[in-house]
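Please find below my notes on the model you sent. They are set out as numbered points, each on one topic.

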Amino acid sequence: MSQTLDIDLKEIVLSNSTFGPNEIREIVKAISSDYNNFRLLRDAVGEMQQQETRTPAASVRLGVCQHLLGRYTNAVQTLRSADGGALTHFYLGKALMALDNYEEAYTAFESSERAGYNRDEVALAKAEALRYCGKAQDALLILDNLSGAVEQTAEYLYQRSATVSALGGNPSEVVALLERAVESDNTHSGALFGLAMENDRHGNDDYARQLYERAAAQFPTHIGTLLNLGLLYEDIEHFERSKQCYQRILDVYPDHPRARLYFKDADASRDMYYDEEARRRQDRMAQMLSVPVSDFELSVRSRNCLQKMGIMTLGDLCETSEQDLLASKNFGETSLVEIREMLSSKGLELGQFATTWREEEPTYDPEVLSDDERALLDRPIADLNLSVRARKCMVRLGLSTIGELVRRTGDDLLECKNFGVTSLNEVREKLTQANLKLRGD
């Protein structure tokens, strides 16, 4: 079966037969069913590019295939010299969209409509171009003017969800539209990606991963799909799968900076040893240190002295030295022996965390900050626009504001699972832009 697909794909690309939307769908279907066919398409395009002479019709075929390979600049150059037909203009518009030339893309889509391309498809493409131009209201007007069967298609529902989101609409409506789009076509990569993103943001990692996997099985695949799926694979320590995601990006964009860095991080992470027993011991210790001292039968004198010193838990005691206790009024040797015996019964000692457990003073003293500086530190970490990987680590560390973040050192952040030097540099760069820095930097 795979061999038949291989032969058909090369035949479609290299023959002089009819080439249009149906043939493009066949190419996309072949690669979606077996990603190895991507390399066949790449080889076939290489053969076409070596031809010394090329008819305008052959240029259309080559330009579309270059677009499918992600070679958007080449696709634009090729399609500009093609036959000027409806298909040429439509895929010229798609290639220009990929290069962020949205206004030129809109003009190309209009040309494709005048040349006879499917009106509904052109309308949806124009709405997307307008939305990216910052004209979401105009995009919504185009969508509102569409009627009939197109309103039930996945592409229409996806474009409407993105437009409603751009206009700051109800998040529930956005999700409902995406769910309807996926229900209409469970292979629509855009809708799958959008719905996965919504679930990813709300911490529904398992469902988000399933949606990203379905989106990644489609072709062409959104770069964001592969990046986010790779990160979710890293979260469950499936490092080889995460590397495959990043490698697929590098197959098309060999110099993609984030894919290269993430691939390197995932490759390093697979060799890291995670001591589950050590983690359990740490959790048990943390639980023990949080036990209130009032749970123990101490003398009234000892209990009163500890209360006056603000010592409420076993952890507080382990941060306190014998000298600190003896310096307290009415706290004598008898009380000291009592405290020692109580801690010893739990395998603890006075002062064992006196230097390591106590949190250092924050770099930014609220008492000497201006109102603007305090407002900046009270802003949510989300305002830093961190990557998915860094954002998830902030959640794991329980950090929600910029002020909480700058009280941490770089080493504190690096202790978080899946938070590497790349993410640390990203955090530092974002803080530098706000004239802030981590504690100790």
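Predicted model: local features only at pLDDT ≥ 70, side-chain atom pairs only at ≥ 80, totals over all residues.

1. The division is into domain 1 (1-117), domain 2 (277-346) and domain 3 (371-434). Between domain 1 and domain 3, the C-alpha centres are separated by 43 Å.

2. Helix α8 covers residues 119-132 and helix α9 covers residues 136-144; their axes come within 7 Å and cross at roughly 165°. Angles over 145 degrees count as roughly antiparallel, and α8 and α9 are therefore roughly antiparallel to each other. The crossing in which α8 passes α9 is left-handed. On the α8 side the contact is made by A123, L124, K126, A127, L130 and R131, and on the α9 side by A136, D138, A139, I142 and L143. Sorted by class, this contact of α8 with α9 has eight nonpolar residues, three charged ones and no polar ones.

3. Helix α11 (residues 171-184) packs against helix α12 (residues 189-201) at an angle of about 140°, and their axes are 9 Å apart. How are α11 and α12 placed relative to each other, oblique or roughly antiparallel? The limit for roughly antiparallel is an angle over 145 degrees; α11 and α12 are therefore oblique to each other. Here too the crossing is described as left-handed, with α11 passing α12. From α11 the contact takes V174, V175, L178, E179, A181 and V182, while α12 supplies A191, L192, G194, L195 and E198. By class, the contact of α11 with α12 divides into eight nonpolar, one polar and two charged residues.

4. Helix α12 also meets α14, with axes that come within 11 Å and cross at roughly 35°. The crossing of α12 and α14 is left-handed. In α12 the residues involved are F193, M197 and D200, and they meet G224, T225, N228 and L232 in α14. The class count for the contact of α12 with α14 is three nonpolar, three polar and one charged.

5. Helix α14 covers 223-235, and its residues G224, T225, N228 and L232 meet α12.

6. Where is the cis peptide bond that involves P220? The bond joins F219 and P220, and its omega is about -5°. P220 is placed in the loop between α13 (205-216) and α14 (223-235). I would ask that the bond joining F219 and P220 be listed as cis in any table of backbone geometry.

7. D100 has a phi of about 70° although it is not a glycine. D100 is found in the loop between α6 (86-98) and α7 (102-114). N385 has a phi of about 55°, and it too is not a glycine. The loop that holds N385 runs between α22 (371-378) and α23 (388-396).

Terms used. Residues numbered from 1 in each chain as written. Heavy atoms only, no water. Axes fitted to C-alpha atoms, helices over the stretch in contact; angles between N-to-C directions. Helix = DSSP H or I, 4+ residues; strand = E, 2+ residues; numbered from the N terminus. Parallel < 35°, antiparallel > 145°, perpendicular 65-115°, else oblique. Left-handed = near helix turned anticlockwise from the far one by under 90°. Contact = heavy atoms within 4.5 Å. Nonpolar A, V, L, I, M, F, W, Y, C, P; charged D, E, K, R; others polar. Domains from an automatic or database assignment.
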